[in-house]
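I opened the file to look up charges, folds, packing and rings. My notes follow in the order I made them.

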Amino acid sequence: LGINSPYGTVGGHTGAGPGYSVAAFHFPSLVENRMTLVALANRDRHDLDLALKIIFRMVRTLERFADAL
């Protein structure tokens, strides 16, 4: 899965297993670093839109605290 974003082309993967939904995305330029973010949700249903919302909320949080990284 490749997504164009303000952070470059974001590569990632989503999936689900018994009881969990997972999303993992690599950002080539996030707060001046390469970073991979992973989110796990305790749910049986896979939902790409929800996974992307969670990941990009994590991105915005990291941007707010970039000086601390």
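Charges first. I counted 7 positive and 6 negative side chains in the protein, and the centres of the two sets lie 4 Å apart. Lys and Arg count as positive and Asp and Glu as negative, with His and the chain ends not counted. I placed each charge at NZ of Lys, CZ of Arg, CG of Asp or CD of Glu.

On provenance: this is a predicted model, in which local features need pLDDT of at least 70 and side-chain atom pairs count only at pLDDT 80 or more, while totals for chains, interfaces and linings use all residues. Residues are numbered from 1 along each chain as its sequence is written, and side-chain values use heavy atoms, with hydrogens and water left out.

Next I looked up the fold. The protein has one helix and four strands, in the order β-β-β-β-α from the N terminus on. Helices (H or I, at least four residues) and strands (E, at least two) are DSSP runs, numbered from the N terminus. The C-alpha trace spans about 35 × 25 × 15 Å along its principal axes.

Then surface and contacts. The protein exposes about 4,700 Å², and carbon and sulfur atoms supply 54% of that; the areas come from the Shrake-Rupley method with a 1.4 Å probe, and for residues only the protein chains shown count as cover. Of the 69 residues, 29% are buried. Buried means under 20% relative accessible area, exposed over 50%, and partly exposed in between (1.4 Å probe, protein chains only). I also took contacts (heavy atoms within 4.5 Å). Among those between residues at least 6 apart in sequence, 35% join residues at least 24 apart.

Which residues of the largest nonpolar core touch the most other members? Of its 14 residues, these are Phe25, Phe27, Leu30, Leu37, Ile55 and Val59. The elements giving two or more residues to this core are β3 (20-30), β4 (33-41) and α1 (48-64); β3 supplies the largest share, four residues. A nonpolar core here is a set of buried Ala, Val, Leu, Ile, Met, Phe, Trp, Tyr and Cys residues joined through side-chain atoms within 4.5 Å. Leaving out residues up to four places away in sequence, Ile55 touches Ala23, Phe25, Phe27, Leu37, Val38 and Ala39.

Rings came next. Rings of Phe, Tyr and Trp (its six-membered ring) pair if their centres lie within 6.5 Å; planes under 30 degrees apart are stacked, over 60 edge-to-face and the rest tilted. That rule gives two aromatic pairs. Tyr7 and Phe27 are edge-to-face, 5.9 Å centre to centre with 80 degrees between the planes. Tyr7 is in the loop between β1 (2-5) and β2 (8-17) and Phe27 in β3, so this pair ties together parts 20 residues apart in sequence. Tyr7 is buried at 14% relative accessible area, and Phe27 is buried at 0%. The second pair, Phe27 and Phe56, is also edge-to-face, at 5.7 Å and 85 degrees. Phe56 lies in helix α1 and Phe27 in strand β3, so that pair ties together parts 29 residues apart in sequence. Phe56 is partly exposed, at 21%.

Last, backbone angles. Most residues other than glycine have a negative phi. Val31, not a glycine, has a positive phi of about 45 degrees and lies in the loop between β3 and β4. Glu32, also not a glycine, has a positive phi of about 65 degrees. Glu32 lies in the loop between β3 and β4 and is exposed at 79% relative accessibility.
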